[in-house]
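May I ask you to look at the sequence and the model together while I describe them?

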Amino acid sequence: MKYLILLAAVVLGSCSVKVHYDDSLFEKSKGMGLLENDDIKEASGMESSQVNPGLLWTHNDSGDTSRLFLIRENGESINEFYLKGIKSRDWEDIGVGPGPEENSSYVYVAEIGDNRAIYEDKYIYRFKEPQKNASTLIEEFDIIEFRYPNGNRDAECLMVDPSTKDLYIISKREQKVHVYQMPYPQRSDTVNTLITLGTIPYHKIIAGDISADGTEIILKTYDEILYWKRDTKEPVYEVLSKPAIFIPYVREPQGEAMAWKYDGSGFYTLSEEPDEIEAQVYFYKRK
């Protein structure tokens, strides 16, 4: 087993952390294909579909309508879905996992972007995951409204724990970002207040995902991919409080989306398209 170990401290943002790079877990990134749909210009979230094997969900952040894109891993466009009556202000991430009805897959769309930290109320839209050829207008969904317990935050990372159905949000801009929990069942008839679990020594966390079996966690900054192995009985924050393994990452122009492949064989990344640079789906295959 080959390890690349960096013994000196490196700077992530302005936060110094000793890190270990490990190239033994995943292969180098492989370009799977350019995005076919030219409307996907600011891909900010991505998640593997459970109902539609082999397909991926993605969405733009600010400036788009309330739509989700279903694509193949090679970037081919499959379909678009719209949330009825919802205005997208700043969608920043998406999750897929269990929900209120047993043995059903749910999509969670996170309206959590807030660059200037001026919005007190944030939202997560939850609905049963549709088949790829279903009606493209989604009319039935839960609106989960929430607030932070310690002031407004900008965030771009939502994770669904398949073991507990709890939701986790990680803030973006602090020098040590905050980890928040919204335990199941999340209520749609009142404003939920997140639980502050603590901080972790990273800056500008912009994506994250828990594997479908709950045993692995990845987080992403603009420059790094962080990895943790997990026992499903171990609380998420306890895992994230341990030193991360850093996975060698080829930096994208503005890579803000990342997701495990549903079968656990690797993970995907996807970038926005700054300066008209075409975005491509990348895959990191497990060795």
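I shall begin with the protein as a whole and then turn to its strands.

This is a predicted model, in which local features need pLDDT of at least 70 and side-chain atom pairs count only at pLDDT 80 or more, while totals for chains, interfaces and linings use all residues. Residues are numbered from 1 along each chain as its sequence is written, and side-chain values use heavy atoms, with hydrogens and water left out.

The protein has 1 helix and 24 strands; these are DSSP runs numbered from the N terminus, with helices being H or I of at least four residues and strands being E of at least two. For 287 residues, a compact globule would have a radius of gyration near 19 Å, and the 18 Å of the protein agrees with this. That radius is taken over C-alpha atoms, and the globule rule is 2.2 Å times the number of residues to the power 0.38. The C-alpha atoms fill a box of roughly 55 × 40 × 40 Å along the principal axes.

Of the 287 residues, 54% are buried, that is, under 20% relative accessible area with a 1.4 Å probe, counting protein chains only. Taking contacts between residues at least 6 apart in sequence, 53% join residues at least 24 apart; a contact means heavy atoms within 4.5 Å.

Let us now turn to the strands. Strands of a sheet pair through backbone hydrogen bonds, either parallel or antiparallel. Here, two strands pair if DSSP finds at least two bridges between them.

An open sheet of 5 strands has the order 4-5-6-7-11, with mixed pairing. Strand 4 (43-48) and strand 11 (137-138) are at the edges with a single partner strand each, so one side of each is left without a neighbour in the sheet.

Strand 4 pairs with strand 5 (residues 55-60) in the antiparallel sense over 5 bridges, and Ala43 has Asn60 as its bridge partner. These two strands form a hairpin with 6 residues between them, and Gly54 in the turn has a positive phi of about 90°.

Strand 6 (residues 67-72) and strand 7 (residues 77-83) are also antiparallel, over 5 bridges, with Ile71 opposite Ser77.

Finally, strand 12 (residues 142-147) is joined to strand 10 (residues 122-128) by 5 bridges, antiparallel, and to strand 16 (residues 192-193) by 2 bridges, parallel.

Technical notes
Buried < 20%, exposed > 50% of the residue type's maximum accessible area, 1.4 Å probe, protein only.
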